[in-house]
Amino acid sequence: MTRGPGTQDDALLDAVGAAFARLRRRTALVDVDPPVTRKDMARNQVINIVDEADGEMTVGGIAYQLTVDSSVASRMVSDCITAGLLVRAASQSDGRRTVLRLTPEGIAMRDRFSSQHRQAFEHITRDWPRTKRLEFARLLVDYADATAELTARTTS
C-alpha cells in the first residue's frame, strides 16, 4: 500500500524536530555520575568537535560546527585551554595557522562524557527490551555518522 501525504508516516516524520529538541533538553536532566554541569556541556561539544575532526581543527572550525560567532567559539576554546583540556599547536600544513589538540586531560574528559552519555541512555531506555535498545542505538549512531558529511566541509 502506498502512503501519501497526511499519513501517519508523515506525522511521525514531522515530529522528529520536536523530538530532537526534547532529547537535548531532557537528556541533560538525567542523574549521572559524576553529575554534568552546564560548563561540562559546552566543553563536551568543543572536545568532541576537536576529537572527531578529520584533520586539523581551528577556532573557526569550532564556530562553524556550532553555528556560533567566532568570538563565542574563541571563549569556549579558551575555557577548555584554561581547564587543561586543549592546547594550541602550529598547523602541520601551514605553520601560520593555529590548530587545537586534545591534551591527556581532554581525552580523559571525553571518555568521562562518553560514560555519562551511556549512563543516561541506559537509564532512559531501562524499560525497553534489549533488542529495541540496541537497534535504536545502532540507528542513532548511523544517523549521527550520516551527519558527518554535512560538517566534512568545515571551514577551518
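Does W128 count as buried, partly exposed or exposed, and at what relative accessibility? I looked this up in a predicted model. W128 counts as partly exposed, at 29% relative accessibility.

**Around W128**

I then checked the rings. The count comes to three aromatic pairs. W128 and F136 form one that is edge-to-face, with 5.5 Å from centre to centre and 75° between the planes. I noted F136 as partly exposed too, because its relative accessibility is 34%. Ring pairs link F121, W128 and F136 into a cluster. I also looked for a charge at the W128 ring and found K132, whose charged end sits over that ring, 4.9 Å from the centre.

**D79**

Next I went to D79, which lies in helix 5, residues 70-82. Setting aside neighbours within four places in sequence, I found D79 in contact with K39 and R43. The side chains of D79 and R43 make a polar contact at 2.6 Å. I also checked D79 against R26, 53 residues apart along the chain, and their C-alpha atoms are separated by 25 Å.

**T103**

Last, I looked up T103. T103 is in the loop between strand 2 (98-102) and helix 6 (104-124). Which residues is T103 in contact with, leaving aside its neighbours within four places in sequence? I listed G84, L85, L86 and V87.

Conventions:
Residues numbered from 1 in each chain as written. Predicted model: local features only at pLDDT ≥ 70, side-chain atom pairs only at ≥ 80, totals over all residues. Heavy atoms only, no water. Helix = DSSP H or I, 4+ residues; strand = E, 2+ residues; numbered from the N terminus. Contact = heavy atoms within 4.5 Å. Polar contact = N/O pair within 3.5 Å; in protein donor to acceptor, adjacent residues only side chain to side chain. Phe/Tyr/Trp six-rings, centres within 6.5 Å; stacked < 30°, edge-to-face > 60°. Buried < 20%, exposed > 50% of the residue type's maximum accessible area, 1.4 Å probe, protein only. Lys NZ or Arg CZ within 6 Å of the ring centre and 35° of its normal.
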